[in-house]
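Here is a short report for a first look at this structure.

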Amino acid sequence: MILEVAGIETFYGETQALFGVSLQVGQGEVVALLGPNGAGKTTTLRSILGLTPARDGTIRFDGIDITRSATHEIARLGVGWVPDDRRIFPTLTVARNLSIARKRTRFRTWSLDEMFEIFSALEHLMERECEYLSGGEMQMVAISRALLGAPGLVLFDEPSQGLAPRVVQDVMATISHLKGAGISALVVEQNAATALQISDRAYVMDRGRIVHYGSAERLLSDDRLRVGLLGV
Ligand code: ATP
């Protein structure tokens, strides 16, 4: 397992947001983390990234206990992040945003040329300031930035949010492509059907707890189960 989250309890001040959340991501596996608004999906990612550290339980990445590690240390170990608000520096060019993201880890490094192969439009955007990019272009930059950090695991927070349907399909195809290159992914999505199409397994959260886990195929094919859990 590249990621092992075991019984984490996470709080915002005195308010408990996660109650004994456990989940695992295997090497080269794409795992969906689904559930309604406020279920705790983003908080789970924030705990893994050390942004809102878990008060209890453990998180191991690549065999290393990162439960109390600082965010920059976690990134250096090879955990990449594609946040929902993209967090690109708006006044910097695409090229600059990408160059400051470069890191070496024990995992495979990616070159800019490889980014241009995945995202053919990116090459022509390099000198553009990021505040002038469309949502789909921003997402390309956000994913490229994560890859240039040489991740073994990428955490995607709502990658389809705010994107046109065709762009959503491109982003999902990219996540599948990364899997082919051995990168594991944990994909938080409200758009369950989209995420399930590219996932091996899925966890469903509700009110701070994992309420279901199993194969993505089963959730896609078992309408009663899916509608019962996700309402769609
Ligand atoms: P969404 O898709 O709406 O982001 P989510 O499943 O990602 O939903 P979280 O954002 O993780 O859910 O929220 C889990 C719980 O934690 C919610 O009850 C939410 O109100 C609370 N929460 C989230 N962020 C904060 C914060 N910064 N301060 C206090 N409470 C928070």
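Which residues are around the ligand? In this predicted model, they are Tyr12, Ala17, Pro36, Asn37, Gly38, Ala39, Gly40, Lys41, Thr42, Thr43, Glu158 and Gln190.

What kinds of residue make up the shell around the ligand? Four are nonpolar, six are polar and two are charged. Helix 1, residues 41-48, gives the most to this shell: three residues.

| Residue | Protein atom | Ligand atom | Distance |
|---|---|---|---|
| Gly38 | polar backbone atom | oxygen | 2.8 Å |
| Gly40 | backbone N or O atom | oxygen | 2.9 Å |
| Thr42 | polar backbone atom | oxygen | 2.7 Å |

How much of the ligand does the protein bury? Taken alone, the ligand exposes 620 Å². The protein buries 56% of that.

One residue of the shell deserves a second look. Glu158 is among the residues around the ligand. Where is Glu158 in the chain? Its place is the loop between strand 7 (153-157) and helix 6 (165-180). Is Glu158 buried or exposed? Its relative accessibility is 8%, so Glu158 counts as buried, the cut-off for buried being under 20%.

The backbone of Glu158 also stands out. Most residues other than glycine have a negative phi. Glu158 is not a glycine, yet its phi is positive, at about 50°.

Asp62 has a positive phi too. The value is near 55°, again in a residue other than glycine. Asp62 also sits in a loop, here between strand 4 (56-61) and strand 5 (64-65).

The last stop is Glu114. Which helix holds Glu114? The residue belongs to helix 4, which spans residues 112-118. Its relative accessibility is 21%, so Glu114 counts as partly exposed.

What does Glu114 contact, leaving aside neighbours within four places in sequence? Glu114 is in contact with Arg108 and Thr109. Ser144 gives another point of reference. Glu114 and Ser144 are 30 residues apart along the chain. Their C-alpha atoms are separated by 9.4 Å.

How values were computed:
Residues numbered from 1 in each chain as written. Predicted model: local features only at pLDDT ≥ 70, side-chain atom pairs only at ≥ 80, totals over all residues. Heavy atoms only, no water. Near = heavy atom within 4 Å. Polar contact = N/O pair within 3.5 Å; in protein donor to acceptor, adjacent residues only side chain to side chain. Areas by Shrake-Rupley, 256 points an atom, 1.4 Å probe, with all protein chains shown as cover. Helix = DSSP H or I, 4+ residues; strand = E, 2+ residues; numbered from the N terminus. Nonpolar A, V, L, I, M, F, W, Y, C, P; charged D, E, K, R; others polar. Buried < 20%, exposed > 50% of the residue type's maximum accessible area, 1.4 Å probe, protein only. Contact = heavy atoms within 4.5 Å.
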